[in-house]
Amino acid sequence: QAVLYVIHWPCWGLAVSGRAVSVGKMAAPPAKKQKTDDGAEQKDAEAKEVKPAVVAPPEPPKELEVDAPACSKPKNKEAAQFFVEDTTLNTLISRGNNVLMSLTEGGMQHLLAGVRANIGVKSGRYMFEVKVVEYSNIPDSQRHKYALKVGFSTASSNLFVGDSEESIGFEVLTCNLVHNKTRTKLGGKINVAHGAVLAVVLNLDSASPNANTISLFKDGVRVCQPQSLPECLKGKALFPAITFKNVTTHANFGPTPLSKMPFACRMLEDAAKADVVVTKSEPPAGGKYEVVFPVGLPDEGTFDRLDTFLEKHPKYTELSDRMVLNWAEKSGVWRQKGYGPNSRSCNDKPEKHFGVPELDNDSVQRALLMVAPMQQRNYVIMEVKGNLIEDDRKAMLATFSDASFKKVADVVVGAPPADYQKRVQAAILKDKQSKSDKLFELQKQEKIRKKLIEKKQKEVQKAKEKAAKEARKKIEEAKKKAAAEAAKKKGEEGAEEEEKKEEKEEDEEKAEEEEQEDEEMEAEEPETPPKVELTEEEKKMHFKPADVKDLAPVVLSANFTNFSLPSKGEGFDDIRYEWSKGDKATEYLKQWILDRKINSRVEELKPSPWFYERLNKFQKVVAEWKAKQTEFRSSVQKKALEREARKRTAAAKLAKAKVAATQAAAKPPAPKKDDEAKKDGEEVKDAKTLADEAVAAAEKEVEEAEAADADEKVAEEAAAEDFKSLDIFGVEDILDLGKGMPLFKDFQQQDWALMGHVFELNLLVHAFAHDVADPERPGVHINHLGFYYKKYFKKDLSPKDFGVDSVQSVLDIAGDSMLYLTPKEVVSSQLDGDFESLAVFAKLAEAARRHRQLRISLGEEGAALKLANHIGSAGKGGGKDGGWRSHQHKGSYQPYHGKGGKSRTSHPYRKGGKDGGKGKR
C-alpha cells in the first residue's frame with residue numbers, strides 16, 4: 001500500500017509518494033512455518049517478505065538570502081513616515097507609531113485606502129513590516145470586505161499597490177503578486193489573523209543571487225520565492241506602499257523587526273544614506289494650503305485642463321464625482337454599466353449605478369467634504385456646474401473657511417493659448433489615426449478572409465482537375481503499356497524517348513505550381529496603414545470633441561443662464577485668469593450664454609394657457625370653415641340638381657305632348673254640328689289643334705329651361721374666372737366672395753392638413769417666445785424645432801412624413817408659410833403673435849394650392865410630394881378635443897418655396913408691412 005508524504009511550505013507544496021506499509025491497514029503477517037532441522041523453510045519465508053521503501057521528505061528550497069553584513073556607511077537620519085499628501089483621504093494615521101486605519105462610515109468602507117512612505121530604496125537590500133492590528137466589523141452582505149496589499153512603488157505612482165506599472169506588491173489575503181492591474185497566483189490563501197506580521201524584502205543588491213527581487217514573509221516564514229521586478233521598475237527608487245480596506249495595521253520601518261527572519265536583514269530606518277532617497281513635505285507658500293476652484297465652460301477643455309494641472313502639481317488632491325468614480329473602480333467596486341469611456345452620460349455628475357445605497361446617494365462625497373478640511377493638503381474642487389454658479393461657489397467656500405486654506409479661483413475661459421491648441425490638435429490627430437488604423441486593420445482582415453476563400457476554391461478546383469488528370473493519365477498509361485509491349489518487338493529506342501517526354505511534362509507541371517505559389521506569396525506582402533491629416537476645420541478647433549459631455553443636457557439647459565465668473569466678494573483670496581483676462585473673459589461668457597440660448601433646448605419648458613387658448617380657437621374656426629364649405633358645396637349641388645330637374649320635367653312634358661299629338665293626328669276628325677262650331681262666339685278647336693299647341697308650349701318650356709341652365713353655367717364660368725384672378729390677400733370676407741362662395745371652396749383634405757401645419761409652426765414660434773419670456777431667445781433654433789413641436793403638440797415632426805429629408809424643408813412644404821430662418825438659423829414668423837384674424841392661414845393655403853396646381857399642370861418634375869398616411873389624421877393635439885384634424889388623407893401636393901422672407905402677394909397680415917421680414921427660406 002502507498003503512503004503519501006506531504007511537505008507543506010506556505011503558498012506552495014511538494015508531494016512525494018513512496019512504497020510504504022500502512023500500519024492501520026496492513027494485513028496480518030503470514031504465520032511462520034515450523035522450523036526444520038536445517039532451517040530452510042524459515043529462510044525461504046524471510047526471502048519472500050519485502051520491506052517497504054520509505055522515501056524521505058524533500059528538503060525545502062535553499063534560502064539564498066544571507067545575513068546582512070555590518071555597514072560602515074553613513075546612516076540615513078530621516079525618520080520613515082507617511083505625509084498627508086501621500087495618503088488617500090479616508091486614511092487615519094497615528095503619529096509616532098504609524099498605525100494606519102481607514103474610515104468605515106458613509107460608504108468609505110467600500111473604498112481602498114492607500115499610503116506611501118517618504119523613504120525610497122535605490123540600492124541594497126532592505127525590508128519593512130506590516131502588522132495586522134484588527135479587522136473592522138463589516139456586514140457580511142458587503143462583497144470583498146477586507147483587502148491588504150503591501151509592496152513598493154515609485155514616488156509618482158498612485159497610492160494603490162499594483163494598480164499601475166509603477167508599483168508592485170503582494171495581495172496578501174489571496175496570495176497574489178500584483179503589478180499593473182495584473183495578478184499572478186503564488187499559491188493558496190494564507191491565514192492572516194490578528195497580530196500577524198508581514199515583512200516585505202526588497203533586494204536591489206547587484207551582488208546578490210536574488211538581485212532585483214521582492215519577497216514576502218509572514219511571521220518570519222517565507223511565503224513565496226523571490227519575485228523578479230519588472231524592467232520598468234529596475235533602476236528606480238522604490239518606496240514602501242500599503243493598500244488596505246477595513247483593516248487596521250501598524251507599519252514598522254525599524255530599526256528592529258517585530259518578527260525574527262531566517263536571515264538578518266536591515267530595515268528601512270537602518271538604511272545607508274547612499275542607498276535611499278528621501279522625499280520631503282514642503283510647507284505651502286505663504287503658510288497656507290491652496291483650494292483651487294477651476295472655472296471653465298462646459299466642453300471647453302475643463303477636464304483636459306484639470307489633468308494638465310494635476311500633472312504639473314501631483315501633490316494636489318482632486319475632489320470631484322469623477323475622482324470618486326475612479327476610486328471605486330480601483331477599489332474593485334462593481335458597477336452596473338462598468339467603467340468604460342461610454343459608461344457615463346456626463347463627466348461632471350456621472351451616474352453611480354453601484355447598487356449600494358451609501359455609494360449611490362452621494363454619502364461618500366459628503367463624507368469627503370467633512371474630512372477634507374481637517375487634512376492639511378492642497379485641493380482642486382472640480383465642479384463644472386457648481387464652480388460657474390455663485391451660490392454653489394459660496395457654499396463650497398464655506399466648507400474651507402479655515403484660515404489655513406487659501407481659496408483660489410482658476411478661471412479658464414476664453415480663447416486658449418497656442419500651446420494648448422497644439423496639444424488639442426495632437427490629441428485629435430492621434431484619435432483620428434487610431435480610428436483609421438482600426439478601419440485599415442478590419443479591411444485588411446477582410447481582404448485576407450476573401451483571399452483564403454479564393455485560395456480554398458482554387459485548391460478544390462485544382463483537386464478536381466488533378467483527379468481528372470490522374471484518370472486520363474491512367475487511361476494513357478494503359479494505352480502506353482500496350483504500345484510499349486508492341487514497341488519491345490521493334491526495339492527499345494522508342495520507349496526511351498517516350499520516358500524522356502513524360503519526365504519533361506512532369507517538370508513543367510511542378511514549375512507551373514511553384515510559380516502560382518510565388519504569385520500568392522507576393523500578393524500577401526504586408527501593407528502599412530495610411531497616415532491621416534487634420535482637415536482645415538479640425539485645425540481650427542480650440543477644444544477636443546468629446547463623446548461624453550461635461551453636463552447632462554437637462555442640467556445645462558436649466559442652469560447655464562445663471563453662469564457667472566467668480567469675484568473676491570464671494571470669499572476668494574485670489575482670482576487667476578489663465579486664458580482671457582478680466583473683462584474679456586466676462587464678455588466671452590456673456591456671448592457664450594447668448595449663443596447657448598439660441599442653440600440649446602429649454603428642457604423644462606411647458607406649454608402655457610396662452611398656447612392652448614389660441615390652439616383651441618383655431619380648432620373651432622376650422623370646424624366652422626369646414627361646415628361653411630360643406631354648406632356651399634351643398635347649395636351649388638342643389639342648384640345644379642334643380643336645373644337638371646327642371647330640364648327633365650320640361651323634356652318629359654314635351655314628350656308627352658308629342659305622343660298626344662301623334663294620337664290625335666291618327667284619329668279621323670269627327671263631324672261637327674253647326675251649333676258646336678262656335679262656343680261663346682269663338683270657334684271651337686279640334687283635338688289635333690289642341691295637341692299641336694300643347695307641343696309648342698312644351699317646346700318653349702324646354703327652351704327656357706335649357707336657356708336658364710346655360711345662363712347659370714356661363715355665370716359659373718365667369719365666377720370661376722373671377723375666382724382665378726382674385727387677389728387672395730385682398731379679400732375682406734373669406735366666407736363670402738359673392739353668392740355665399742368661401743375662399744376655401746376647393747380645399748381638399750391635404751389643403752386643410754397643410755393649413756393646420758402652417759398654423760402649428762407659426763403658433764409654436766410665438767408660443768415659445770411667450771412662454772420663455774426671454775428677449776435674448778428670439779425663436780426656435782432649426783435643430784430643436786422637432787423637440788419643441790413634440791413638447792407642444794404631443795406628436796413627432798418627421799421630415800419623412802412630409803416627403804422631404806430635412807426639417808428646414810418642412811418649413812417650406814406648404815408654400816409661403818410666413819416662416820423664415822435668420823442668419824443664426826432661428827425659425828421666426830412674419831405674422832403677429834396675437835393671431836387676431838385666422839383668415840390669413842386660409843389665404844396662405846389657397847395661394848399654395850393654386851401654385852401647386854400650376855406647377856403640376858406645367859409638368860414640373862418633382863413638383864408633387866406625398867404626405868404620410870397619418871398627416872392630417874385625428875390624433876393627440878394641443879387642444880382638449882385631441883387636435884383640429886378630422887381624418888387622414890393621402891395625396892399629392894406642391895409647396896411654394898418663397899425667397900428672402902417675401903410673399904408672392906402682399907397682404908396686411910405680415911409683420912413690417914408689404915416687404916415683411918427677410919431671411920432664408
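Predicted model: local features only at pLDDT ≥ 70, side-chain atom pairs only at ≥ 80, totals over all residues.
## Nonpolar cores

The largest nonpolar core holds 58 residues. Trp625, Met755 and Phe841 touch the most other members. Helix 14 provides the largest share, 12 residues.

A second core is separate and has 57 residues. Met108, Val380, Met382 and Phe400 are among them. In soluble globular proteins, nonpolar side chains tend to be buried together.

## Contacts of Phe841

Which residues does Phe841 touch, leaving out those up to four places away in sequence? Its partners are Phe618, Met755, Val758, Phe759, Asn762, Leu831 and Phe835. Met755, like Phe841, is one of the core members that touch the most others.

## A cis peptide bond

Most residues other than glycine have a negative phi, and most peptide bonds are trans. Gly254 and Pro255 are joined by a cis peptide bond, with omega about 10°. Pro255 sits in the loop between strand 17 (247-252) and strand 18 (276-278).

## Positive phi

Asp362 is a residue other than glycine with a positive phi, near 65°. The loop between helix 4 (357-360) and helix 5 (363-371) contains Asp362. Asp362 counts as partly exposed because its relative accessibility is 29%, between the 20% and 50% cut-offs.

Lys794 also has a positive phi, near 60°. Lys794 lies in the loop between helix 15 and helix 16. Its relative accessibility is 44%, so Lys794 counts as partly exposed.

Notes
Residues numbered from 1 in each chain as written. Heavy atoms only, no water. Core = buried A, V, L, I, M, F, W, Y, C linked by side-chain atoms within 4.5 Å. Buried < 20%, exposed > 50% of the residue type's maximum accessible area, 1.4 Å probe, protein only. Helix = DSSP H or I, 4+ residues; strand = E, 2+ residues; numbered from the N terminus. Contact = heavy atoms within 4.5 Å.
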